[in-house]
Amino acid sequence: MQPYGMQAMLKEGHKHLSGLDEAVLKNIDACKQLSAITRTSLGPNGMNKMVINHLDKLFVTNDAATIVNELEVQHPAAKILVLAGKSQQEEIGDGANLTISFAGELLQNAEELIRMGLHPSEIINGYTKAINKTVEIIEQLVEKGSENMDVRNKYQVIYRMKAAVASKQFGQEDILCSLVAEACIQVCPNNPENFNVDNVRVVKLLGGGLHNSTVVQGMVLKSDAVGSIKRVEKAKVAVFASGVDTAATETKGTVLIHTAKQLESYSKSEEAKVEELIKAVADSGAKVIVSGAAVGEMALHFCERYKLMVLKISSKFELRRFCRTAGAVAMLKLSQPNPDDLGHVDSISVEEIGGVRVTVVKNEEGGNSIATVILRGSTDSILDDLERAIDDGVNTYKAMCRDSRIVPGAAASEIELARRVKELSYKETGLDQYAIAKFAESFEMVPRTLAENAGLNEMEIISSLYAEHASGNSKVGIDLEEGVCKDLSILDVWDLYITKFFALKYAAEAACTVLQVDQIIMAKPAGGPKRDQPAGMDED
(Lines give C-alpha, C1' and ligand atoms only; values in the text may rest on other atoms or scores of the structure.)
Protein backbone atom coordinates (compact mmCIF):
# COMPACT_ATOMS: atom_id res chain seq x y z
CA MET A 1 0.00 0.00 0.00
CA GLN A 2 1.28 3.48 -0.92
CA PRO A 3 2.23 5.50 2.19
CA TYR A 4 0.55 8.86 2.66
CA GLY A 5 0.95 11.98 4.84
CA MET A 6 4.15 12.21 6.88
CA GLN A 7 5.17 8.67 5.87
CA ALA A 8 5.17 9.65 2.19
CA MET A 9 7.23 12.79 2.85
CA LEU A 10 10.03 11.28 4.94
CA LYS A 11 12.38 8.39 4.35
CA GLU A 12 11.30 4.90 5.35
CA GLY A 13 12.21 4.00 8.95
CA HIS A 14 11.83 7.48 10.49
CA LYS A 15 9.88 8.12 13.70
CA HIS A 16 7.42 10.97 14.07
CA LEU A 17 5.80 11.90 17.39
CA SER A 18 3.47 14.85 17.78
CA GLY A 19 0.76 16.26 20.03
CA LEU A 20 0.53 16.71 23.78
CA ASP A 21 0.55 13.08 24.82
CA GLU A 22 3.24 11.77 22.49
CA ALA A 23 5.71 14.67 22.48
CA VAL A 24 5.16 17.28 25.24
CA LEU A 25 4.18 15.03 28.14
CA LYS A 26 6.78 12.37 27.30
CA ASN A 27 9.47 15.07 27.17
CA ILE A 28 8.34 16.41 30.53
CA ASP A 29 8.37 12.88 31.97
CA ALA A 30 11.99 12.31 30.86
CA CYS A 31 13.07 15.62 32.45
CA LYS A 32 11.23 14.71 35.67
CA GLN A 33 13.16 11.43 35.84
CA LEU A 34 16.48 13.27 35.51
CA SER A 35 15.64 15.91 38.13
CA ALA A 36 14.43 13.15 40.50
CA ILE A 37 17.96 11.70 40.38
CA THR A 38 19.74 14.98 41.19
CA ARG A 39 17.16 16.32 43.66
CA THR A 40 17.97 13.88 46.46
CA SER A 41 21.59 15.10 46.29
CA LEU A 42 20.65 18.74 46.92
CA GLY A 43 21.96 20.49 50.03
CA PRO A 44 24.31 19.52 52.87
CA ASN A 45 22.40 16.32 53.73
CA GLY A 46 22.16 15.28 50.07
CA MET A 47 22.55 11.57 49.41
CA ASN A 48 25.43 10.17 47.37
CA LYS A 49 24.94 8.45 44.04
CA MET A 50 27.00 5.48 42.90
CA VAL A 51 27.56 5.84 39.15
CA ILE A 52 29.56 3.31 37.12
CA ASN A 53 30.37 4.73 33.68
CA HIS A 54 31.04 2.94 30.38
CA LEU A 55 34.72 2.50 31.32
CA ASP A 56 33.75 0.72 34.58
CA LYS A 57 34.99 3.67 36.63
CA LEU A 58 33.15 4.10 39.90
CA PHE A 59 31.93 7.52 41.08
CA VAL A 60 30.48 7.95 44.56
CA THR A 61 29.36 11.57 44.74
CA ASN A 62 26.52 14.02 45.37
CA ASP A 63 27.88 16.52 42.82
CA ALA A 64 25.14 16.93 40.18
CA ALA A 65 27.54 18.07 37.44
CA THR A 66 29.58 14.85 37.77
CA ILE A 67 26.44 12.67 38.00
CA VAL A 68 24.79 13.99 34.81
CA ASN A 69 28.12 13.97 32.94
CA GLU A 70 28.67 10.29 33.68
CA LEU A 71 25.03 9.21 33.11
CA GLU A 72 25.28 9.67 29.32
CA VAL A 73 21.68 10.88 29.01
CA GLN A 74 20.12 9.81 25.67
CA HIS A 75 16.71 11.48 25.69
CA PRO A 76 16.83 14.71 23.64
CA ALA A 77 14.60 16.69 26.04
CA ALA A 78 16.50 15.57 29.15
CA LYS A 79 19.71 16.57 27.35
CA ILE A 80 18.46 20.17 27.35
CA LEU A 81 18.44 20.07 31.18
CA VAL A 82 21.91 18.52 31.16
CA LEU A 83 23.14 21.37 28.93
CA ALA A 84 21.59 23.94 31.30
CA GLY A 85 23.47 22.29 34.19
CA LYS A 86 26.71 22.32 32.17
CA SER A 87 26.24 26.02 31.32
CA GLN A 88 25.85 26.77 35.04
CA GLN A 89 28.95 24.71 35.82
CA GLU A 90 31.01 26.57 33.21
CA GLU A 91 29.67 30.01 34.10
CA ILE A 92 29.87 29.74 37.91
CA GLY A 93 31.20 26.27 38.78
CA ASP A 94 28.48 25.65 41.39
CA GLY A 95 24.68 25.41 41.48
CA ALA A 96 24.24 22.80 38.72
CA ASN A 97 21.97 20.75 41.01
CA LEU A 98 19.68 23.72 41.69
CA THR A 99 19.44 24.39 37.93
CA ILE A 100 18.43 20.81 36.99
CA SER A 101 16.15 20.21 40.00
CA PHE A 102 14.35 23.55 39.64
CA ALA A 103 13.84 23.03 35.88
CA GLY A 104 12.39 19.57 36.63
CA GLU A 105 10.03 21.05 39.21
CA LEU A 106 8.88 23.77 36.75
CA LEU A 107 8.12 21.09 34.14
CA GLN A 108 6.26 18.93 36.66
CA ASN A 109 4.02 21.89 37.52
CA ALA A 110 3.62 22.67 33.80
CA GLU A 111 2.33 19.12 33.28
CA GLU A 112 -0.43 19.74 35.85
CA LEU A 113 -1.39 22.96 34.03
CA ILE A 114 -1.47 21.16 30.64
CA ARG A 115 -3.75 18.49 32.10
CA MET A 116 -5.97 21.31 33.42
CA GLY A 117 -6.30 22.54 29.82
CA LEU A 118 -3.75 25.36 29.48
CA HIS A 119 -1.79 25.62 26.26
CA PRO A 120 2.06 25.38 26.52
CA SER A 121 2.32 28.91 24.99
CA GLU A 122 0.31 30.37 27.89
CA ILE A 123 2.52 28.54 30.38
CA ILE A 124 5.68 29.87 28.67
CA ASN A 125 4.29 33.43 28.81
CA GLY A 126 3.56 33.06 32.50
CA TYR A 127 6.96 31.54 33.25
CA THR A 128 8.74 34.34 31.33
CA LYS A 129 6.89 37.03 33.32
CA ALA A 130 7.66 35.16 36.55
CA ILE A 131 11.42 34.80 35.89
CA ASN A 132 11.67 38.51 35.01
CA LYS A 133 9.96 39.35 38.31
CA THR A 134 12.24 36.86 40.14
CA VAL A 135 15.34 38.64 38.81
CA GLU A 136 13.97 41.95 40.16
CA ILE A 137 13.11 40.49 43.58
CA ILE A 138 16.42 38.65 44.05
CA GLU A 139 18.30 41.94 43.65
CA GLN A 140 16.24 43.37 46.52
CA LEU A 141 17.23 40.40 48.74
CA VAL A 142 20.96 41.22 48.47
CA GLU A 143 22.57 41.86 51.87
CA LYS A 144 23.43 45.54 52.23
CA GLY A 145 27.16 46.31 52.10
CA SER A 146 28.07 42.88 50.66
CA GLU A 147 29.08 44.44 47.31
CA ASN A 148 32.23 45.84 48.96
CA MET A 149 34.64 43.02 49.68
CA ASP A 150 38.35 42.54 50.11
CA VAL A 151 39.08 39.31 48.18
CA ARG A 152 42.35 38.93 50.13
CA ASN A 153 40.62 38.91 53.52
CA LYS A 154 40.44 35.25 54.56
CA TYR A 155 37.47 35.74 56.92
CA GLN A 156 35.32 37.44 54.25
CA VAL A 157 36.21 34.76 51.69
CA ILE A 158 35.28 31.87 54.04
CA TYR A 159 32.06 33.70 54.99
CA ARG A 160 30.87 33.57 51.34
CA MET A 161 32.35 30.20 50.42
CA LYS A 162 31.07 28.15 53.35
CA ALA A 163 27.61 27.29 51.97
CA ALA A 164 28.98 26.08 48.60
CA VAL A 165 31.54 23.76 50.23
CA ALA A 166 29.14 22.57 52.98
CA SER A 167 26.66 21.38 50.34
CA LYS A 168 29.35 18.90 49.17
CA GLN A 169 31.13 18.05 52.46
CA PHE A 170 28.85 18.84 55.40
CA GLY A 171 30.72 18.97 58.71
CA GLN A 172 34.15 19.41 57.09
CA GLU A 173 33.50 22.81 55.52
CA ASP A 174 35.59 24.71 58.11
CA ILE A 175 38.81 22.79 57.32
CA LEU A 176 38.18 22.81 53.55
CA CYS A 177 37.22 26.50 53.35
CA SER A 178 40.34 27.46 55.26
CA LEU A 179 42.54 25.46 52.82
CA VAL A 180 40.78 26.83 49.71
CA ALA A 181 40.76 30.44 50.93
CA GLU A 182 44.49 30.26 51.78
CA ALA A 183 45.36 28.78 48.35
CA CYS A 184 43.16 31.24 46.40
CA ILE A 185 44.46 34.32 48.23
CA GLN A 186 48.07 33.23 47.53
CA VAL A 187 47.51 33.13 43.76
CA CYS A 188 45.06 36.05 43.45
CA PRO A 189 46.45 38.51 40.84
CA ASN A 190 46.54 42.29 41.29
CA ASN A 191 43.28 42.54 39.36
CA PRO A 192 41.07 39.88 41.06
CA GLU A 193 38.78 39.63 38.00
CA ASN A 194 41.66 37.89 36.17
CA PHE A 195 41.78 35.07 38.76
CA ASN A 196 42.53 31.74 37.03
CA VAL A 197 40.95 28.60 38.52
CA ASP A 198 43.76 26.47 37.02
CA ASN A 199 46.30 28.12 39.35
CA VAL A 200 44.97 26.21 42.38
CA ARG A 201 46.06 22.60 41.98
CA VAL A 202 45.01 19.57 44.02
CA VAL A 203 47.29 16.60 44.75
CA LYS A 204 45.54 13.57 46.27
CA LEU A 205 47.65 11.29 48.47
CA LEU A 206 46.17 8.20 50.13
CA GLY A 207 46.52 7.84 53.88
CA GLY A 208 46.11 10.17 56.84
CA GLY A 209 42.95 12.23 57.18
CA LEU A 210 41.58 15.58 56.10
CA HIS A 211 43.25 17.28 59.11
CA ASN A 212 46.66 16.29 57.60
CA SER A 213 45.93 18.30 54.44
CA THR A 214 48.08 21.35 53.78
CA VAL A 215 48.58 24.16 51.26
CA VAL A 216 51.94 24.55 49.48
CA GLN A 217 52.91 27.81 47.82
CA GLY A 218 54.17 26.31 44.59
CA MET A 219 53.79 22.92 42.95
CA VAL A 220 53.75 19.32 44.13
CA LEU A 221 54.76 16.68 41.56
CA LYS A 222 53.79 13.06 42.18
CA SER A 223 57.20 11.80 41.09
CA ASP A 224 60.72 11.43 42.46
CA ALA A 225 63.79 13.35 41.28
CA VAL A 226 65.74 11.38 38.64
CA GLY A 227 69.29 11.57 40.04
CA SER A 228 70.73 11.27 43.53
CA ILE A 229 70.37 14.98 44.42
CA LYS A 230 67.10 15.31 46.28
CA ARG A 231 67.18 18.82 47.73
CA VAL A 232 68.19 22.23 46.38
CA GLU A 233 67.54 25.68 47.83
CA LYS A 234 67.50 29.15 46.22
CA ALA A 235 68.20 27.70 42.81
CA LYS A 236 67.97 28.78 39.19
CA VAL A 237 66.06 26.38 36.95
CA ALA A 238 66.51 25.47 33.28
CA VAL A 239 63.54 23.82 31.53
CA PHE A 240 64.04 21.69 28.38
CA ALA A 241 60.81 20.60 26.69
CA SER A 242 62.28 17.92 24.41
CA GLY A 243 64.30 16.01 26.99
CA VAL A 244 67.91 15.87 28.16
CA ASP A 245 69.66 13.38 25.92
CA THR A 246 72.07 13.18 22.99
CA ALA A 247 70.39 14.76 20.02
CA ALA A 248 69.70 12.54 17.04
CA THR A 249 70.63 13.95 13.64
CA GLU A 250 67.85 15.13 11.37
CA THR A 251 69.12 13.05 8.43
CA LYS A 252 70.13 9.41 8.52
CA GLY A 253 73.80 8.72 8.11
CA THR A 254 76.21 5.78 8.29
CA VAL A 255 79.52 5.95 10.12
CA LEU A 256 82.18 3.44 9.02
CA ILE A 257 84.62 2.57 11.77
CA HIS A 258 87.71 0.56 10.86
CA THR A 259 89.70 0.29 14.08
CA ALA A 260 89.03 0.01 17.81
CA LYS A 261 90.76 3.38 18.31
CA GLN A 262 88.27 5.06 16.00
CA LEU A 263 85.40 3.46 17.93
CA GLU A 264 86.87 4.71 21.20
CA SER A 265 87.39 8.24 19.87
CA TYR A 266 83.83 8.23 18.41
CA SER A 267 82.23 7.38 21.76
CA LYS A 268 84.61 9.81 23.50
CA SER A 269 83.55 12.62 21.15
CA GLU A 270 79.90 11.80 21.93
CA GLU A 271 80.65 11.95 25.66
CA ALA A 272 82.55 15.20 25.21
CA LYS A 273 79.62 16.74 23.34
CA VAL A 274 77.11 15.79 26.08
CA GLU A 275 79.52 17.02 28.78
CA GLU A 276 79.95 20.31 26.93
CA LEU A 277 76.17 20.83 26.82
CA ILE A 278 75.64 19.96 30.51
CA LYS A 279 78.64 22.11 31.52
CA ALA A 280 77.15 25.04 29.57
CA VAL A 281 73.91 24.68 31.57
CA ALA A 282 75.85 24.46 34.86
CA ASP A 283 77.97 27.51 33.93
CA SER A 284 74.79 29.55 33.31
CA GLY A 285 74.13 29.32 37.06
CA ALA A 286 71.32 26.75 36.90
CA LYS A 287 71.25 24.15 39.66
CA VAL A 288 68.13 22.31 38.49
CA ILE A 289 67.31 20.83 35.08
CA VAL A 290 63.67 20.01 34.29
CA SER A 291 63.09 17.68 31.35
CA GLY A 292 59.84 17.32 29.42
CA ALA A 293 60.83 13.89 28.03
CA ALA A 294 63.38 11.15 28.64
CA VAL A 295 66.66 11.80 30.45
CA GLY A 296 69.57 9.90 28.86
CA GLU A 297 71.91 7.88 31.09
CA MET A 298 75.01 9.65 29.86
CA ALA A 299 73.39 13.08 30.35
CA LEU A 300 72.34 12.04 33.86
CA HIS A 301 75.90 10.96 34.65
CA PHE A 302 77.24 14.43 33.78
CA CYS A 303 74.37 16.13 35.63
CA GLU A 304 75.49 14.23 38.75
CA ARG A 305 79.11 15.25 38.15
CA TYR A 306 78.15 18.95 37.95
CA LYS A 307 75.80 18.62 40.98
CA LEU A 308 72.66 19.37 38.99
CA MET A 309 69.29 18.16 40.25
CA VAL A 310 67.18 16.55 37.50
CA LEU A 311 63.36 16.42 37.39
CA LYS A 312 61.27 14.74 34.72
CA ILE A 313 57.76 16.06 33.98
CA SER A 314 56.15 14.11 31.15
CA SER A 315 52.82 16.03 31.01
CA LYS A 316 53.15 19.14 28.88
CA PHE A 317 50.40 20.83 30.94
CA GLU A 318 52.29 20.17 34.17
CA LEU A 319 55.45 21.46 32.46
CA ARG A 320 53.67 24.72 31.58
CA ARG A 321 52.47 25.08 35.17
CA PHE A 322 56.01 24.48 36.41
CA CYS A 323 57.25 27.25 34.09
CA ARG A 324 54.57 29.54 35.53
CA THR A 325 55.62 28.66 39.10
CA ALA A 326 59.34 29.21 38.51
CA GLY A 327 58.99 32.01 35.93
CA ALA A 328 61.07 29.99 33.45
CA VAL A 329 60.91 29.69 29.65
CA ALA A 330 60.88 26.14 28.25
CA MET A 331 63.64 25.65 25.65
CA LEU A 332 63.25 23.24 22.78
CA LYS A 333 66.63 21.52 22.75
CA LEU A 334 69.50 21.03 25.14
CA SER A 335 71.75 24.07 24.78
CA GLN A 336 73.22 26.88 26.86
CA PRO A 337 70.23 28.82 28.24
CA ASN A 338 69.96 32.62 28.20
CA PRO A 339 69.89 34.19 31.68
CA ASP A 340 66.38 35.49 30.85
CA ASP A 341 65.11 31.96 30.16
CA LEU A 342 66.09 30.64 33.60
CA GLY A 343 63.50 30.45 36.36
CA HIS A 344 63.99 30.69 40.09
CA VAL A 345 62.65 28.60 42.97
CA ASP A 346 63.11 28.95 46.73
CA SER A 347 63.46 25.22 47.26
CA ILE A 348 62.90 21.89 45.54
CA SER A 349 62.88 18.84 47.77
CA VAL A 350 61.77 15.23 47.55
CA GLU A 351 59.58 14.29 50.51
CA GLU A 352 57.73 11.15 51.47
CA ILE A 353 54.06 11.66 52.31
CA GLY A 354 52.03 8.58 53.20
CA GLY A 355 54.49 6.23 51.51
CA VAL A 356 54.49 8.22 48.24
CA ARG A 357 57.58 10.14 47.16
CA VAL A 358 56.62 13.58 45.91
CA THR A 359 58.69 16.54 44.74
CA VAL A 360 57.69 19.80 46.42
CA VAL A 361 58.59 22.96 44.49
CA LYS A 362 58.22 26.04 46.69
CA ASN A 363 58.36 29.59 45.43
CA GLU A 364 57.22 31.87 48.22
CA GLU A 365 59.16 35.03 47.46
CA GLY A 366 58.65 35.54 43.71
CA GLY A 367 55.32 36.58 42.23
CA ASN A 368 53.88 33.18 42.94
CA SER A 369 51.22 32.09 40.50
CA ILE A 370 50.42 28.53 41.60
CA ALA A 371 49.30 27.05 44.93
CA THR A 372 48.74 23.36 45.60
CA VAL A 373 46.37 21.78 48.11
CA ILE A 374 47.73 18.43 49.34
CA LEU A 375 44.66 16.36 50.18
CA ARG A 376 44.83 13.31 52.44
CA GLY A 377 42.10 10.70 52.81
CA SER A 378 41.51 7.00 53.31
CA THR A 379 40.09 5.99 49.90
CA ASP A 380 40.20 7.21 46.30
CA SER A 381 36.43 7.88 46.30
CA ILE A 382 36.70 10.13 49.37
CA LEU A 383 39.65 12.00 47.85
CA ASP A 384 37.76 12.49 44.56
CA ASP A 385 34.76 13.90 46.43
CA LEU A 386 36.96 16.20 48.51
CA GLU A 387 38.56 17.42 45.29
CA ARG A 388 35.10 18.27 43.88
CA ALA A 389 34.30 20.24 47.05
CA ILE A 390 37.57 22.15 46.68
CA ASP A 391 36.82 22.72 42.99
CA ASP A 392 33.44 24.24 43.99
CA GLY A 393 35.18 26.43 46.57
CA VAL A 394 37.73 27.72 44.04
CA ASN A 395 35.00 28.42 41.48
CA THR A 396 33.00 30.27 44.15
CA TYR A 397 36.09 32.38 44.85
CA LYS A 398 36.33 33.23 41.16
CA ALA A 399 32.62 34.17 41.12
CA MET A 400 33.00 36.41 44.19
CA CYS A 401 35.93 38.18 42.50
CA ARG A 402 33.45 39.13 39.76
CA ASP A 403 30.48 39.91 42.01
CA SER A 404 30.69 39.58 45.79
CA ARG A 405 27.02 40.27 46.58
CA ILE A 406 25.30 37.68 48.79
CA VAL A 407 21.69 36.62 49.43
CA PRO A 408 20.30 34.57 52.35
CA GLY A 409 20.87 30.82 51.91
CA ALA A 410 19.23 27.79 53.58
CA ALA A 411 16.01 28.24 51.50
CA ALA A 412 15.30 31.74 52.91
CA SER A 413 15.65 33.41 49.48
CA GLU A 414 13.47 30.76 47.81
CA ILE A 415 10.58 31.14 50.27
CA GLU A 416 10.73 34.93 49.93
CA LEU A 417 10.72 34.58 46.12
CA ALA A 418 7.79 32.13 46.29
CA ARG A 419 5.82 34.55 48.49
CA ARG A 420 6.46 37.61 46.32
CA VAL A 421 5.97 35.91 42.93
CA LYS A 422 2.67 34.46 44.24
CA GLU A 423 1.55 38.04 44.98
CA LEU A 424 2.27 38.93 41.32
CA SER A 425 -0.06 36.14 40.14
CA TYR A 426 -2.99 37.73 42.03
CA LYS A 427 -2.54 40.94 40.00
CA GLU A 428 -2.60 39.17 36.61
CA THR A 429 -5.95 38.81 34.85
CA GLY A 430 -5.23 36.35 31.99
CA LEU A 431 -4.50 32.63 32.07
CA ASP A 432 -0.85 33.53 32.75
CA GLN A 433 -1.74 33.89 36.42
CA TYR A 434 -1.99 30.09 36.83
CA ALA A 435 1.48 29.62 35.33
CA ILE A 436 2.94 32.38 37.54
CA ALA A 437 1.35 30.80 40.63
CA LYS A 438 2.86 27.42 39.69
CA PHE A 439 6.26 29.08 39.11
CA ALA A 440 6.05 30.50 42.65
CA GLU A 441 5.06 27.07 43.98
CA SER A 442 8.15 25.55 42.31
CA PHE A 443 10.43 27.51 44.67
CA GLU A 444 9.08 25.36 47.52
CA MET A 445 11.09 22.49 46.00
CA VAL A 446 14.25 23.81 47.69
CA PRO A 447 13.05 23.94 51.35
CA ARG A 448 11.05 20.74 50.79
CA THR A 449 14.09 18.88 49.45
CA LEU A 450 16.44 20.23 52.14
CA ALA A 451 13.97 19.12 54.84
CA GLU A 452 13.36 15.70 53.21
CA ASN A 453 17.08 14.99 52.81
CA ALA A 454 17.66 15.91 56.48
CA GLY A 455 14.76 13.67 57.60
CA LEU A 456 12.57 16.56 58.81
CA ASN A 457 8.83 17.13 58.38
CA GLU A 458 8.74 19.24 55.22
CA MET A 459 5.15 20.51 55.63
CA GLU A 460 5.87 21.86 59.11
CA ILE A 461 9.11 23.51 57.97
CA ILE A 462 7.55 25.17 54.88
CA SER A 463 4.49 26.48 56.79
CA SER A 464 6.65 27.92 59.61
CA LEU A 465 8.98 29.52 57.00
CA TYR A 466 5.99 31.14 55.27
CA ALA A 467 4.66 32.38 58.64
CA GLU A 468 8.04 33.97 59.54
CA HIS A 469 8.44 35.59 56.11
CA ALA A 470 4.86 36.91 56.12
CA SER A 471 5.62 38.71 59.40
CA GLY A 472 8.59 40.46 57.74
CA ASN A 473 11.55 38.24 58.72
CA SER A 474 12.90 37.69 55.20
CA LYS A 475 16.20 36.19 56.48
CA VAL A 476 14.69 33.17 58.21
CA GLY A 477 15.89 29.83 56.81
CA ILE A 478 16.24 26.20 57.88
CA ASP A 479 18.78 25.16 60.50
CA LEU A 480 19.29 21.56 59.37
CA GLU A 481 21.23 20.48 62.47
CA GLU A 482 18.48 21.42 64.92
CA GLY A 483 15.60 20.96 62.46
CA VAL A 484 14.06 24.39 63.15
CA CYS A 485 13.75 27.74 61.36
CA LYS A 486 16.28 30.36 62.39
CA ASP A 487 17.50 33.82 61.39
CA LEU A 488 20.41 33.38 58.98
CA SER A 489 22.35 36.38 60.28
CA ILE A 490 22.99 34.16 63.35
CA LEU A 491 23.69 30.99 61.31
CA ASP A 492 25.88 32.76 58.71
CA VAL A 493 24.57 30.78 55.75
CA TRP A 494 24.83 32.92 52.62
CA ASP A 495 24.71 32.10 48.92
CA LEU A 496 26.35 34.16 46.20
CA TYR A 497 23.82 36.30 44.34
CA ILE A 498 25.46 35.52 40.98
CA THR A 499 25.13 31.71 41.53
CA LYS A 500 21.43 31.97 42.39
CA PHE A 501 20.76 34.41 39.53
CA PHE A 502 22.23 32.20 36.79
CA ALA A 503 20.84 28.93 38.23
CA LEU A 504 17.24 30.20 38.24
CA LYS A 505 17.62 31.91 34.86
CA TYR A 506 19.09 28.82 33.13
CA ALA A 507 16.45 26.56 34.75
CA ALA A 508 13.54 28.73 33.54
CA GLU A 509 15.01 28.97 30.02
CA ALA A 510 15.56 25.19 29.85
CA ALA A 511 11.99 24.50 31.03
CA CYS A 512 10.54 26.92 28.44
CA THR A 513 12.67 25.32 25.68
CA VAL A 514 11.29 21.86 26.53
CA LEU A 515 7.70 23.18 26.62
CA GLN A 516 8.07 24.80 23.18
CA VAL A 517 8.60 21.42 21.50
CA ASP A 518 5.40 19.92 20.07
CA GLN A 519 6.79 17.44 17.51
CA ILE A 520 9.73 15.05 17.50
CA ILE A 521 10.93 13.76 14.12
CA MET A 522 13.71 11.18 14.30
CA ALA A 523 15.39 10.25 11.04
CA LYS A 524 16.46 6.69 10.35
CA PRO A 525 20.14 6.32 11.37
CA ALA A 526 22.42 5.92 8.35
CA GLY A 527 23.71 2.33 8.36
CA GLY A 528 25.45 0.76 11.35
CA PRO A 529 23.68 -0.36 14.51
CA LYS A 530 20.23 1.03 15.28
CA ARG A 531 20.26 4.20 17.38
CA ASP A 532 19.20 3.76 21.02
CA GLN A 533 15.61 4.79 21.50
CA PRO A 534 15.20 7.50 24.16
CA ALA A 535 13.17 6.44 27.19
CA GLY A 536 9.45 6.77 26.64
CA MET A 537 9.82 6.61 22.83
CA ASP A 538 10.02 2.87 22.29
CA GLU A 539 8.00 1.30 19.54
CA ASP A 540 4.60 -0.05 20.47
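I am working with a predicted model, in which local features need pLDDT of at least 70 and side-chain atom pairs count only at pLDDT 80 or more, while totals for chains, interfaces and linings use all residues. Residues are numbered from 1 along each chain as its sequence is written, and side-chain values use heavy atoms, with hydrogens and water left out.

**Helix pairs.** I looked up helix α4 (residues 76-91) and helix α18 (residues 497-515), and found that their axes come within 9 Å and cross at roughly 160°. The two are therefore roughly antiparallel (an angle over 145 degrees), and their crossing is right-handed. I then turned to helix α8 (residues 173-187) and helix α12 (residues 380-402), whose axes come within 10 Å and cross at roughly 50°; this crossing, too, is right-handed.

**Positive phi.** I noted that most residues other than glycine have a negative phi. D56, which is not a glycine, has a positive phi of about 70°, and it lies in the loop between β2 (49-52) and β3 (58-61). A411 also has a positive phi of about 70° without being a glycine, and I placed it in the loop between β13 (406-408) and α13 (412-427). Is A411 buried or exposed? A411 has a relative accessible area of 2%, so it is buried (under 20%), whereas D56, at 66%, is exposed (over 50%).

**Surface patch.** I found that V255, I257, L263 and Y266 make a nonpolar surface patch of about 370 Å². One of these residues, V255, is in the loop between β6 (231-240) and α9 (260-283), and with 51% relative accessibility V255 counts as exposed.

Definitions and conventions: Patches are made of residues with over 30% relative accessible area and no salt bridge: like charges are joined within 9 Å, nonpolar side chains (Val, Leu, Ile, Met, Phe, Trp, Tyr) within 5 Å. Accessible areas come from the Shrake-Rupley method with a 1.4 Å probe; for residues, only the protein chains shown count as cover. A salt bridge is a side-chain nitrogen of Lys or Arg within 4 Å of a carboxyl oxygen of Asp or Glu. Helices (H or I, at least four residues) and strands (E, at least two) are DSSP runs, numbered from the N terminus. Buried means under 20% relative accessible area, exposed over 50%, partly exposed in between (1.4 Å probe, protein chains only). Axes are lines fitted to C-alpha atoms, for helices over the stretch in contact, and angles run from 0 to 180 degrees between N-to-C directions. A crossing is left-handed if the near helix is turned anticlockwise from the far one by less than a right angle, and right-handed if clockwise. Angles under 35 degrees count as roughly parallel, over 145 as roughly antiparallel, 65 to 115 as roughly perpendicular and the rest as oblique.
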